[in-house]
Amino acid sequence: MSIVLSHSSKELYQQCGYKWYLHYVKKLRSPIISSPLLLGHAMDGAFSRILLEKMDKNDRKTPLSLLTEFQVFDEGFSKFKNNNEEVVVKESTLVRYSSSDYTLETLKDEDIIDISKLGSNYRIVLENIESITEFINECKANFKSHKHLDNNSQIMYNIIHWHSLRRKCHYLLEKYREDVLSKIEKVYSIQEKVELKDESDLFIGYIDFVASFNDEPGKKYVCDNKFASKAYASNAVSTSDQLSTYCEYKGINSACYIVVEKSLRKKVPLHRIQILKDTIPESQFNKTFDGITKVFNSISAGDFKQNFESKCFFFGAVCPYYDYCRSGDSSKLKDCSK
């Protein structure tokens, strides 16, 4: 049986073999949508729209449409396909936001009007920024006490976060245009598919874009956009498995991370965008593909060990399979095999 891996599925296996098995073989999935997943999807589309402007017309696989990057983002942020079902994001309780996703200062008058109008539908009075702030603080106090919100409160909590994140991302897209696009000489490809074969197995992925920069005309870099909560380390490119696979596919060793920090700072500059350019050393290529081969071999051998040591809590969140692994309780999971 041939195995298909991507960078994310490889990382999932390395976190926990059993988690990979449940997700990809048993096809048991969590119905919950994390805000980083949702934002990554929406921002990818918006970044691609901006980057099209630096690509030759004849090289564009899609036309430079009349839609702005803000409209492209709004489309991706409004509806999201999860487990083969379309979710209307703004009023969905399936989305899980973090406290840092909400920034009071980002809300505009029209957002407050919409929040107030929707609040009346759910019998929650939110007439101004003061009442919204009080409501959010009450919700956070409940979370801190490990109390669940009632359904209406959860919907309104999500609506407020949706509005705040939307405004914040519009601002960051403006800064991406100013801080990143202005430094790019030319874009050669966008969302280019990667396929690397290892006998009967296949490693796949998508390169966000390949570009050259004004300070190094004609020199191509494999580039990956990252929407992150904090800055990346200075050696993030030269130690990246993901960029190593993409560079191997393109036959070059120059790579770049564009890191857009989603949190707005309280001091100038309010935002930070890193452009990290570096070279992938031969040792990193060897390490990356040794790791991929090891994962392929482990999956082929049916090695799906549970990792109870540390990966039941990843990035501060409880593994969606926590209850299933311990008691066989699948009530919080959806069977997507049918």
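Q: What do the buried residues of helix 4 pack against?
A: In this predicted model, the buried residues of helix 4 pack against helix 3 (35-51), strand 4 (79-82) and helix 7, where packing rests on contact, that is, heavy atoms within 4.5 Å. The buried residues in question are Glu69, Val72, Phe73, Asp74, Gly76 and Phe77, and buried means under 20% relative accessible area, against over 50% for exposed and partly exposed in between (1.4 Å probe, protein chains only). Helices (H or I, at least four residues) and strands (E, at least two) are DSSP runs, numbered from the N terminus. Local features need pLDDT of at least 70 and side-chain atom pairs count only at pLDDT 80 or more, while totals for chains, interfaces and linings use all residues. Residues are numbered from 1 along each chain as its sequence is written, and side-chain values use heavy atoms, with hydrogens and water left out.

Q: What makes helix 1 oblique to helix 2?
A: Helix 1 (residues 7-15) and helix 2 (residues 17-25) pack at an angle of about 130°, with their axes 5 Å apart. Angles under 35 degrees count as roughly parallel, over 145 as roughly antiparallel, 65 to 115 as roughly perpendicular and the rest as oblique, and the angle between these two helices therefore makes helix 1 oblique to helix 2. The contact is made by Ser9, Leu12, Tyr13 and Gln15 of helix 1 together with Gly17, Lys19, Trp20, His23 and Tyr24 of helix 2.

Q: How do you know that Cys223 is in no disulfide?
A: A disulfide is a pair of cysteine sulfur atoms within 2.5 Å, whereas the cysteine sulfur nearest to that of Cys223, belonging to Cys256, is 4.4 Å away. Cys319 is likewise in no disulfide, with the nearest cysteine sulfur, that of Cys325, at 6.1 Å, and the count by this rule comes to zero disulfides.

Q: Why is Cys223 called buried?
A: Its relative accessibility is 0%, so Cys223 counts as buried. Cys319 is also buried, because its relative accessible area is 13%.

Q: Why is Arg123 called exposed?
A: Arg123, found in the loop between helix 5 (109-121) and helix 6 (129-144), has a relative accessibility of 81% and therefore counts as exposed. Its phi is near 60°, a positive value in a residue other than glycine.

Q: What makes Gln191 partly exposed?
A: Gln191 lies in strand 7 (residues 184-198), and its relative accessibility is 32%, so Gln191 counts as partly exposed. Phi of Gln191 is near 50°, again a positive value in a residue other than glycine, whereas most residues other than glycine have a negative phi.

Methods
Axes fitted to C-alpha atoms, helices over the stretch in contact; angles between N-to-C directions.
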